[in-house]
Amino acid sequence: MARFSLLSAILLHLVVVSMQQGYDEPLDIRQRLGSSSVAKINDQIPIQFNAMYLYEAMASYFGRPSVGLPGFKKFFKRAADKERERAHKLIDYLNMRGGHVKLKPIIPPRDYEWSSAPDATKAALDTQKNITQELYILRDRADMESDPHLVKFIESELLTEQVTGIRDLRELIARLFRAGSGLGEVIVDKELN
């Protein structure tokens, strides 16, 4: 019982001292997570949300009655959901490690219409390549800061999905070019549904 009282007294003292020093939180709970890694993760979150917005726009476009490609609508809706999940993984990771999440504005997509399914799919591929490059930069920063936990998180939770996603987009683009425009896009759309 005496140990519990002593521990409680010490914790109470730490809380009071830290609050007197003007900290936002009673204790600094960041777990060896470098400030530049925190900043880079906070930069990565809107990149994921921007991709989500782009894929939502693509899903909306392909869902229009005048476009009529429900398979592509479903494909890009799933892609938007994955980007949202990745953004939330980053948010949860920062919270778990004691970092502070600082959400930044989401930028709406430049385009809301695409000339064809291959055109939209190429835009998605370019977006995924950009995201992958940014994740490699984050991974390298974590490695420079000797943070093996962050390195493992990026490699296992994010980069593996990116590599697989890029492969899937390249295969879809190849199928679209082999199938051709018009009826070929409709056939590939049926495969995606």
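Start by selecting Glu 83, which lies in helix H3 (residues 70–97); helices are DSSP runs of H or I with at least four residues, numbered from the N terminus. This is a predicted model, in which local features need pLDDT of at least 70 and side-chain atom pairs count only at pLDDT 80 or more, while totals for chains, interfaces and linings use all residues. Residues are numbered from 1 along each chain as its sequence is written, and side-chain values use heavy atoms, without hydrogens and water.

Glu 83 has 1% relative accessibility and counts as buried (buried is under 20% relative accessible area, exposed over 50%, partly exposed in between, with a 1.4 Å probe and protein chains only).

The UniProt annotation "binding site", from an unreviewed entry, covers Glu 83 and Gln 162. The two are spread over 80 residues of sequence but cluster in space, with a largest C-alpha distance of 10.2 Å. Such annotations may be inferred rather than shown by experiment.

Next, select helix H4 (residues 117–144). Its 28 residues should span 40 Å at 1.5 Å a residue, and its end C-alpha atoms are 41 Å apart, which agrees; the expected span is 1.5 Å times one less than the number of residues. At the start of H4, a side-chain oxygen of Ser 116 is within 3.2 Å of the backbone nitrogen of Asp 119.

Move on to Ser 146, in the loop between H4 and helix H5 (148–179). Its phi is positive, near 50°, in a residue other than glycine. Ser 146 is partly exposed, with a relative accessible area of 40%.

Finish at Val 186, in helix H6 (residues 183–192). Val 186 is partly exposed, at 36% relative accessible area.

Note on methods
Helices (H or I, at least four residues) and strands (E, at least two) are DSSP runs, numbered from the N terminus. A polar contact is a pair of N or O atoms within 3.5 Å; within protein, one must be able to donate a hydrogen and the other to accept it, and residues adjacent in sequence count only if both atoms are side-chain atoms.
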